[in-house]
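Reader: I am new to this structure and would like a close look at one part of it. Please take the place where the two chains meet.

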Amino acid sequence: MIGYALRRLASLIASLVVASLVIFTVIEIIPGDPAAYMLGMNAQPDTLAALRAELGLDMPKPQRYLTWVGGMLRGDFGISYTYRTPVSRMIADRLWVSLPLAIYALVLSTAIAFPAGIYAASRRGKMADVTVMGATQLGVAVPNFWFAMILVLVFAINLGWFSAGGFAGWDEGYWAVMRSLTLPALALALPQAAILTRVMRSSLLDMLGEDFIRTARAKGLSARQTLWRHALRNAMIPVLTILGLQFAFLLAGSIIIEQVFSLPGLGRLVFQAISARDLIVVESVVMLLVFAVITVNFAVDLAYALVDPRLRARR
Amino acid sequence: MNIRHLLTASAVALLAGIGAARAEGSITIGMQLEPPNLDPTGGAAEAIDSVVYANIFQGLTRFTSDGSVVANLADSWDISADGLVYTFQLHPGVTFHDGSAMDAEDVKFSLDRARAEGSTNAQKALFAEIADVTVVDPTTVRVTLAAPNGNLLFNLAWGDAVIVAPETADTNATNPIGTGPYTFVNWVQGDRINLARNEAYWGTAPALETASFRFISDPTAALAAVMAEDIDVFSGFPAPENLPQIAADPRFQVITGSTEGETILAMNNKLPPFDNAKVREAVSHAIDRQAIIDGAMFGYGTPIGTHFAPHNPAYVDLTAASGHDPELAKKLLAEAGLADGFTTTLKLPPPSYARRGGEIVAAQLAAVGIRTEIENLEWAQWLEQVFKARDFGLTIVSHTEPMDIGIYGNPDYYFQYDNQAFRDVMAKLTGTTDPAARTALLQEAQGIIAADHVNGYLFQLAALTVAKAGVRGLWANAPVAANDLSAISWAE
């Protein structure tokens, strides 16, 4: 188990180094001068030069790369060009929106998908199974921003239970935050739940066809007992993979939902920073997201090993 | 950060109490763009002025809702007979939000800082003629010019010329300290900025106790926020297609006015064939302004025939000189030796006036034989390719700075118009302080660029404000990107 974990860790570090190089190069290649964006159409050449020097944009690129990476290792992500505040604080602020939102959505999606998937598998071919599968078909086909707009229309504009968007801020208390995040989390969770339900069901059905299940049944266990004691644990591997992918997606890919609900999350921060050519913010946030995705994958790899003892022995 | 959070928490707790009751002493104003920071002297982003202008920061003079310039921190001024020396009498007893006194030293500091070498003021040209700023006594400042400048009082009204204190100038980006009727409370980045009434304000106390600015960039989300009554006012409403629906709802009012944004089809005057005046004239006549206003802006916008705001008293309506006439356009192209038309680029920045307007312009140009390759650019790319490298044939952009006809006097400006006669008029204008003579010169300048068809003049961008029916005192026009809170109140 230790050796397995160390090997995964080494590949994690190598991925991070490569990612940092690629991110820096790609972002530096994009045309557009942050100083020109900030100072607009009437700026004079000497003003632009002064601002570029102030932002450190006149340094050679290799030096800027090393400064950036060195800073990140010490936990210093630099100062945003346009916002003039430390990038680490901006990321932390946004993370306090994106992370709870991703977790909330993930909890909702598993809370819907696990029972639905297990139920559908246990009623295979019956009316209940057909209904659940039909609903998931719809959930997979409909994009989440459409759900979002419908939710706003019904619950914010017509019923007035929630605000149509915005984020109250943690200073307003726990309930205010939950209120701000419920509709977006639901919009994010529904399509994810649909996918997860289908994976759960098909994975369980695969397992139920295996020889060991027949043995368990032959031993005298009921259908329900075999399902819960034997099939479910073995069916978890594909489900965990999808969950890991979904969490990464929810963290980094909720930009459209953030836009629809005007939530100040990470996705919108990147979007704003790209259009303002706030390179340091873009680089740092993308790097953080890469780090998050790689770490989640690492955690999922370890979780496989916990669920499946055979993986611990394999090299 | 900790202290700020503590302050924030208490202030927010206060706001929450007020907000929950929807007390009429507070207002929530929606805007599409969030300011990158709150220092109006260090960036060109309009959203900065939208929050801080006249609310947090003030200058010696200021703009009013009709675009005229009035006294602000300066009570009065004397101008020497040769127009070179301005002596400002400051309002006595003015304090900054941190309690320190605002005096002549602060004025000298602010103006010197803006015009200094290495200054990062986005509008440094406003201060170009200033040769010296002298403190006479704590409430008297003498500004000496190198050459007469009839625009000085106008220039000093810009957000880029506000008075800041030396102690706080460097932190205004995140914690703005000014002299205005509202103080900065906190900023939930990505969501809102909260302001509170300055109880120590030197002027008339405003009606509203607190105000928040909320940032909603998506047009659909903006509509949802208005319909759900999350916000009281949305200034610069981004979904004009929904205005009839809002106007028909008795809960809301729609206010339409004019901005300083001359929206033009800019032509690269140095790039063949646009170096030929006949070709530029042909482009002007190929365009049907009303069709663009109706199609791209849902009917909101005023046609213009030159680079000047129609709400300005000195405006001359020259739209007839470049009326829609495709036959004339074809004839002019033939005279220029381009009877078969030509192909050029049409580079479009992100705003909907450009993207939607661009499609219509392209179709209208195609009707007279001018084929365009449309290229959609982000702002940063547009600044790089079009504005800096001048690598374009045509582009659509709105020039939002007030009274910016002077850009035609700079042959290096991106559309590269080079005309000595025009520059002479501008030089005369700078040296003239008499209002009637200035109006005559401005009208002459408008005529020159219209006659030369420097650019295709499309329309003046409309200022679209949506508000709850009970809100009073909102500016209809936007001579400067500002939401002047001190005038706003709720109807009884």
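Which side chains meet in a salt bridge with R277(A) or E378(B) as a partner, and what is the N to O distance?

Author: The model is predicted. In it, the side chains of R277(A) and E378(B) form a salt bridge, with 3.3 Å from N to O. Across the interface of chain A and chain B, the rule finds two salt bridges. It also finds 11 residue pairs in polar contact there, both residues at pLDDT 80 or more.

Several helices of chain A take part. At least two residues each of the side that touches chain B come from α2 (34–39), α3 (45–55), α5 (87–122), α7 (144–158), α11 (255–260) and α12 (266–275) of chain A. The largest share, five residues, is supplied by α3(A). Sorted by class, this side of chain A holds 20 nonpolar, 14 polar and 10 charged residues.

As for extent, 44 residues of chain A are in contact with 52 residues of chain B. The size of an interface is often given as the accessible area lost when the parts come together. Chain A and chain B bury about 3,800 Å² between them, and 55% of this lies on carbon and sulfur atoms. On the chain A side, the residues that lose the most area to chain B are M41(A), N42(A) and Y83(A), which together make up 19% of what that side buries.

Chain A itself is divided into domain 1 (2–73) and domain 2 (95–313). Between these two domains the count is one salt bridge, in which the side chains of D301(A) and R8(A) meet at 2.8 Å, N to O.

How values were computed:
Residues numbered from 1 in each chain as written. Chains lettered and ligands numbered in written order. Predicted model: local features only at pLDDT ≥ 70, side-chain atom pairs only at ≥ 80, totals over all residues. Heavy atoms only, no water. Contact = heavy atoms within 4.5 Å. Buried area = accessible area lost by both parts, 1.4 Å probe. Salt bridge = Lys/Arg side-chain N within 4 Å of Asp/Glu carboxyl O. Polar contact = N/O pair within 3.5 Å; in protein donor to acceptor, adjacent residues only side chain to side chain. Helix = DSSP H or I, 4+ residues; strand = E, 2+ residues; numbered from the N terminus. Nonpolar A, V, L, I, M, F, W, Y, C, P; charged D, E, K, R; others polar. Domains from an automatic or database assignment.
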